[in-house]
Amino acid sequence: QNERRSAVGSIPAFVPLPPAVPAAVPSEPRAEAPRRTNLIARLLQLRDGERPPRLSGAQVEGYLKENRRNAASLLTAYRVSEDPAMLLEAMQKYPGDPQVSFAAIFKKDASPEERRRALESFKQSDPRNALANYLSCLDYFKAGQTDQAVQELNAAAGKSTFQDYSRDFVQNDEEAWRAAGYSVAEAKTAAAYLMSLPHLSELKQVGQATLTLAGSYRQAGDETSAQAALQAGLNLGQRLDNSPGLPLVSHLRGLTIEKQSLGAMDPNSAYGSLGQTVKDRLDELNQQRQELKELMQQFEGVQRKLSERDWISYKDRWNAFGEEAALRWVVGKYSVPR
């Protein structure tokens with residue numbers, strides 16, 4: 001400071017007043033901009049076998065508190081964080097909740113006895129849901145208890161409801177991502193992309209088990225029972241294909257099971273009441289499956305072009321009209337006209 005004074009010269013005896021300037025008007029505090037992340041880009045770049053992004057325990061704590069750690073919020077925390085403690089807490093606090101029982105069936109380290117208890121709890125807590133009987137049926141088939149497996153197939157056939165709770169799970173997961181600070185578009189996209197459907201692989205096995213059962217009946221010369229077993233597999237496929245609100249991958253799995261069952265039947269035999277044959281129906285299913293696969297491929301080709309607003313619209317349309325309609329909307333908007 002002394003060097004600066006000597007260079008400038010002597011300091012005046014007083015400091016002159018500055019020129020008059022308009023008084024500064026206090027500005028309104030600026031709203032904090034929403035946090036921007038690359039979550040959608042990360043989701044679209046995920047490769048097979050790569051661990052997807054998850055929320056930490058700290059990130060889900062606020063969501064849990066807001067929902068008072070009820071059954072749905074604990075299951076949500078389990079899905080978005082993959083923390084097994086969340087599932088254990090839900091199982092301990094809410095043993096009679098059907099969604100808790102459903103999740104407990106697929107607990108990674110569950111013993112056969114624990115899984116059986118979860119299956120029985122699922123059947124009791126949601127008695128009209130045929131899905132519980134189908135999952136129980138598979139366990140009996142695997143254990144060689146064919147009589148019990150057939151009883152479960154017959155019980156499933158007598159129920160009108162087929163519910164996998166996927167719509168509830170996606171909505172709850174979306175709310176958890178939002179509570180963690182992600183944008184609406186990111187939360188909707190993450191909830192859809194990270195949706196887990198472990199029951200689909202088991203239902204595929206149920207369909208295959210009905211084919212095996214039909215084959216054993218035929219070897220015994222009991223064609224009537226063989227046809228009944230094939231019809232049970234056909235019913236399962238149709239439930240997956242026709243139940244509203246299920247994701248498109250569930251419908252595709254249903255088409256596959258239905259095709260396998262029809263493929264074991266006489267192609268010239270009658271199908272339905274409209275004069276179709278089994279072959280006619282198989283041709284329809286093949287065409288429908290091919291169209292859906294092409295639609296999904298077209299979506300994959302344009303999904304990186306979607307704006308955040310369109311990601312939101314896509315998910316809203318999915319909820320309102322189904323995934324297939326939402327996919328067609330995206331493809332129609334972003335595909336280059338031929």
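Is Phe-122 buried or exposed? Phe-122 counts as buried, because its relative accessibility is 0%, under the 20% cut-off. This is a predicted model. The protein chain has 338 residues, and 42% of them are buried. Its secondary structure comes to 17 helices and two strands.

**Chain overview**

- The accessible surface of the protein chain is about 19400 Å². Carbon and sulfur atoms account for 50% of that surface.
- Take the contacts between residues at least 6 apart in sequence: 61% of them join residues at least 24 apart.

**Largest pocket**

- The largest pocket holds about 840 Å³ of space.
- It is lined by 26 residues, and those closest to its centre are Ala-192, Tyr-193, Met-296, Glu-300 and Glu-323.
- Six helices each supply at least two lining residues: α2 (39-44), α11 (184-193), α14 (248-263), α15 (278-302), α16 (308-321) and α17 (323-334).
- By residue class, the lining of the largest pocket divides into 18 nonpolar, two polar and six charged.

**Second largest pocket**

- The second largest pocket holds about 660 Å³ of space.
- Its lining has 29 residues, with Tyr-78, Arg-79, Phe-106, Ser-196 and Pro-198 closest to the centre.
- Two or more lining residues come from each of α4 (71-81), α5 (84-93), α6 (98-105), α10 (166-179) and α11.
- Helix α10 gives the largest share of this lining, five residues.
- The lining of the second largest pocket divides into 18 nonpolar, three polar and eight charged residues.

**Helix α11**

- Helix α11 supplies at least two residues to the lining of the largest pocket, and two or more to that of the second largest pocket.
- α11 is mostly covered, with eight of its 10 residues buried.
- The buried residues are Ala-185, Glu-186, Ala-187, Lys-188, Thr-189, Ala-190, Ala-191 and Ala-192.
- The cover over these buried residues includes α2, α10 and α16.

**Aromatic pairs**

- The structure holds 13 aromatic pairs.
- One of them joins Phe-122 and Tyr-165: the ring centres are 6.2 Å apart and the planes stand at 55°, so the pair is tilted.
- Phe-122 lies in helix α7 (residues 112-125), and Tyr-165 in the loop between α9 (146-157) and α10, so the pair ties together parts 43 residues apart in sequence.
- Tyr-165 is buried, because its relative accessible area is 5%.
- In another pair, Tyr-193 and Trp-311, the ring centres are 6.2 Å apart and the planes stand at 70°, so the pair is edge-to-face.
- This pair links distant parts of the chain, with Tyr-193 in helix α11 and Trp-311 in helix α16, 118 residues apart.
- Tyr-193 counts as partly exposed, because its relative accessibility is 32%.
- Trp-311 counts as buried, because its relative accessibility is 2%.

**Aromatic cluster**

- Phe-102, Phe-106, Phe-122, Tyr-165 and Phe-169 form one aromatic cluster.
- Phe-106, a member of this cluster, is also among the residues closest to the centre of the second largest pocket.

Terms used:
Residues are numbered from 1 along each chain as its sequence is written. This is a predicted model: local features need pLDDT of at least 70, side-chain atom pairs count only at pLDDT 80 or more; totals for chains, interfaces and linings use all residues. Side-chain values use heavy atoms; hydrogens and water are left out. On a 1 Å grid over the protein atoms alone, a cavity is a set of points where a 1.4 Å probe fits but cannot get out, and a pocket is an open set with protein on both sides within 12 Å along at least five of seven lines; lining residues have an atom within 4 Å of a point. Grid points are joined across faces, edges and corners, and a volume is the space filled by probe spheres set on the points. Helices (H or I, at least four residues) and strands (E, at least two) are DSSP runs, numbered from the N terminus. Ala, Val, Leu, Ile, Met, Phe, Trp, Tyr, Cys and Pro count as nonpolar, Asp, Glu, Lys and Arg as charged, and the others, Gly among them, as polar. Buried means under 20% relative accessible area, exposed over 50%, partly exposed in between (1.4 Å probe, protein chains only). Contact means heavy atoms within 4.5 Å. Accessible areas come from the Shrake-Rupley method with a 1.4 Å probe; for residues, only the protein chains shown count as cover. Rings of Phe, Tyr and Trp (its six-membered ring) pair if their centres lie within 6.5 Å; planes under 30 degrees apart count as stacked, over 60 as edge-to-face and the rest as tilted.
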